Amino acid sequence: MDPALGPPDAMAEKRDELTPMMRQYHDLCARYDDALVLFQVGDFYETFCGAAERTARLLEVTLTSREDSTGEYPMTGIPVDNAESYIEELLEAGYRVAVADQIEEPGESPGVVERAVTRVITPGTLTEDELLASDDNNFVAALARGDGRERTLALALLDVSTGDFLATSSTSAEAIADEVSRFDPSEAVVGPDSSGDPLPEGCMVTPFDPDAFALERATETVSTYFGEPDALLAGDAEIRACGALLEYAEYARGGAESGTDEDADGTARNRLEYLTHLTRYDPREYLLLDAVALRSLELFEPRAVRAREDATLVGVLDETASALGGRALRDWIRRPLLEPDRIEARLDAVEELTGSVQCREQLYELLRDVYDLERLIGRISRERANARDLRSLRDTLAVVPEIRDGLADADCARLRELREDLDPLADVRELIDDAVVSDPPIEITEGGIVAEEYDEVLDDLRGTARDGKQWIDDLEAHERERTGVDSLKVGYNSVHGYYIEVTNPNLDAVPENYQRRQTLKNSERFVTPELKEREDEIVGAEERADELEYELFCEVRSAVADEVERVQALADALATVDALVSLATVAAQYDYCRPEIAERDEEATDGLEIDVEGGRHPVVERTQESFVPNGAALSPERRLAVITGPNMSGKSTYMRQVAQIVLLAQVGSFVPAESARISPVDRIFTRVGASDDIAGGRSTFMVEMDELATILREADERSLVLLDEVGRGTSTADGLAIAQAITEHLHDEVGATTLFATHHHPLTELADELEAAFTLHFEVEQREGEVVFHHEIAPGAATGSYGVEVATAAGVPESVVERSRELVAENADEPAGDGPEPRADPQERGDAHAPASTDGGSQGVPDDVARELRSLELAHLTPVEALTELDRLQRLLEE
């Protein structure tokens with residue numbers, strides 16, 4: 001076991017003999033034995049024994065020791081005021097962190113200061129802005145299985161920082177794996193039956209209390225938040241996952257909050273009052289994107305190691321002004337819509353905002369003043385918000401009326417609905433305005449946060465303190481005049497309080513009523529009965545004022561927390577407006593068009609319609625100096641395109657461009673094209689690029705085959721499939737055979753709309769034989785021995801792959817290039833000799849269709865065939881292409 005976790009062995013042996021404070025530390029470590037405990041001692045969080053040695057190495061801080069009657073223990077401390085930066089490093093090292101704070105002031109009660117874990121910090125339960133890596137959602141997931149033959153698998157997802165809470169389930173583990181990939185949780189909470197669950201890669205896996213997953217207990221947990229679970233969730237598995245996740249979030253909150261209550265059975269609850277909505281969804285309600293598609297289409301992360309971080313679809317679409325809008329936009333991209341009516345509603349809003357420049361720009365400027373309301377109200381409800389957080393909420397509420405005014409003349413129904421949803425929360429704004437000063441300090445226990453005239457008692461206390469300080473200010477002048485000592489000073493320090501200081505040469509002038517308080521090297525400090533009395537009044541009034549201010553602030557904060565649902569509804573409306581403005585801004589700035597959405601016929605089984613004129617790749621066009629637009633025409637009658645062309649000609653870019661245009665249309669965005677008509681797609685599959693899984697024992701070819709197996713098993717006529725260079729990881733013959741078989745299966749059995757980029761040129765002939773297949777190629781030309789790419793797509797098949805020329809352009813040494821050309825020529829021209837074994841002569845193998853020898857042409861070959869042979873650019877053909885040409889010429893001879 002990790003020595004940094006659990007109660008230290010050295011303390012456990014002497015637990016009853018430890019000092020009260022060290023016993024506190026031991027017991028908290030025992031209770032939170034899966035976390036590294038940070039134990040507050042004054043201004044530092046301390047760790048002891050094995051935890052101290054581990055944190056000293058990880059955080060590069062000094063290892064010291066602490067001694068009591070039972071022995072000496074290693075100790076390491078980090079400052080409370082700067083703890084987040086150290087906690088982040090502990091999280092990155094794979095630890096959960098339990099923060100044990102002092103929950104009472106020293107001297108407040110006899111004995112040791114009371115401490116309790118106020119929060120358990122894990123990658124999936126972060127709420128601190130300093131620890132959250134971005135404005136995007138940070139989900140913790142829980143997986144649970146149901147009973148019965150089907151063994152339903154449920155997934156619950158919670159963003160503790162915003163309160164977003166989702167649940168779904170399926171009898172297919174693959175479907176849940178896709179959802180896990182879609183939401184990319186930072187942590188997964190699992191129960192006792194988690195073997196084989198589709199856990200996300202690279203996230204912390206947290207085994208949790210098996211009892212929390214029990215149906216009866218989970219039902220009770222869910223019902224305390226949302227009422228009867230059966231009215232919200234579909235089955236026992238979802239109830240178990242949601243109940244366990246709620247308990248884990250409560251556990252992570254710690255046990256010192258005032259929101260703690262108990263169930264009927266006495267179980268302690270740390271309720272998360274801001275969790276007001278649980279959304280149950282069916283993955284089939286949205287366009288499905290698995291982990292492979294998310295990576296291939298570069299929706300959120302670039303594939304290339306050295307690529308720009310913003311070279312992603314979200315990177316080029318995100319012109320949002322607020323964190324709320326950014327999260328909403330990412331969710332729209334993560335879950336594109338299927339229903340045409342919902343898509344059209346967004347498109348209507350985007351179209352109106354695109355056409356109204358003044359309205360769009362005004363809304364953007366106003367939205368820049370919107371704070372992250374979801375995380376703000378979360379902190380307020382968890383009682384972790386300070387006065388500045390309340391002012392941030394107030395400042396956001398102040399711009400809501402102006403945003404409503406900006407939408408006052410909206411024509412489309414969606415924008416009018418959003419205007420009605422923008423509740424200004426005037427009562428909350430007025431409360432904060434009245435109660436909290438405009439520029440409050442960060443600390444909420446040291447006064448200076450409650451506004452004047454908010455509370456009469458507080459005003460009286462402040463008046464007493466203010467009058468007392470004015471009397472003291474006047475005292476210095478009065479005493480100088482009375483004693484004749486011009487250097488006399490009246491001062492204050494926290495140890496001795498107020499004093500009158502007289503330098504040594506003037507001590508003879510000190511009046512009899514001065515009482516010595518402190519002797520310094522060059523002066524003496526005195527106090528008078530009147531000064532002492534005033535000091536008691538001032539200090540007493542200030543202390544009572546600070547205490548009262550804190551109480552008043554907590555009351556205001558609690559009153560605001562009671563409006564959590566209204567704040568969350570406002571946050572949702574603001575987020576939607578911001579995301580729509582962002583889509584409109586991009587559409588206007590980069591000349592996007594409104595796509596036409598074809599009506600969705602649920603009964604139809606005849607495929608999709610994707611008709612794009614002048615389409616552009618939304619990311620590539622922004623990262624390159626120029627971009628050549630290309631159209632796409634796919635329909636039930638022409639649903640499988642075999643695309644050929646040289647490397648670097650644009651095949652992969654074109655395929656992803658089509659997929660991203662479809663996805664954007666279903667997000668409700670305008671698309672980079674001259675025109676587009678799109679049928680909503682149920683799922684996008686991709687097999688693009690080469691990758692391996694060495695740690696998992698899978699070669700590049702095996703990864704490719706696994707991805708293809710998923711496509712062939714799960715795709716249907718409502719799917720869009722992208723295939724790029726299938727069959728490269730094996731022999732040419734095997735690869736071609738696999739590619740052909742896959743093409744036939746997708747055409748004959750699956751019926752999916754497919755773009756298939758390949759260097760297997762015999763597939764172009766297969767396309768001629770398949771009813772709904774056709775060929776496309778990218779145009780190139782040679783100039784002075786160099787290949788010039790036009791990046792334009794055209795009907796028909798390419799004449800070559802130009803691999804050697806691409807190698808030249810990449811800087812491959814000239815000697816290697818020349819040798820490559822020689823080998824290409826040899827493989828194409830020589831029927832026998834060294835190298836791969838040639839195909840047997842048709843006449844030698846007794847082929848009934850072998851051409852007979854003739855006397856015409858060059859060496860018995862007819863003139864037309866001879867001319868074609870001479871015109872072939874053998875240096876530009878791959879071995880497979882050369883064999884294809886020879887096969888074609890052989891058929892000419894037969895004819």
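Asp-81 counts as exposed, at 77% relative accessibility, where exposed means over 50% relative accessible area, buried under 20%, and partly exposed in between (1.4 Å probe, protein chains only). Asp-81 sits in the loop between β4 (71-79) and α4 (83-92). This is a predicted model, in which local features need pLDDT of at least 70 and side-chain atom pairs count only at pLDDT 80 or more, while totals for chains, interfaces and linings use all residues. Residues are numbered from 1 along each chain as its sequence is written, and side-chain values use heavy atoms, leaving out hydrogens and water.

Let us stay at the surface for a moment. Together with Asp-43, Glu-443 and Glu-446, Asp-81 forms a patch of negative charge; such a patch is made of residues with over 30% relative accessible area and no salt bridge, with like charges joined within 9 Å. A salt bridge here is a side-chain nitrogen of Lys or Arg within 4 Å of a carboxyl oxygen of Asp or Glu.

Now for a buried residue. His-617 has a relative accessible area of 4%, so it is buried. Its place is the loop between β21 (610-615) and α20 (620-623). Beyond its neighbours within four places in sequence, His-617 is in contact (heavy atoms within 4.5 Å) with Phe-627, Thr-653, Arg-656, Gln-657 and Gln-660.

Finally, step back to the whole protein chain. It has 28 helices and 29 strands, which are DSSP runs (H or I, at least four residues, for helices; E, at least two, for strands) numbered from the N terminus. Of its 895 residues, 51% are buried.

Methods. Patch = residues over 30% accessible without salt bridge, like charges linked within 9 Å, V, L, I, M, F, W, Y side chains within 5 Å. Areas by Shrake-Rupley, 256 points an atom, 1.4 Å probe, with all protein chains shown as cover. Lys, Arg positive; Asp, Glu negative; His and termini not counted. Charge placed at Lys NZ, Arg CZ, Asp CG, Glu CD.
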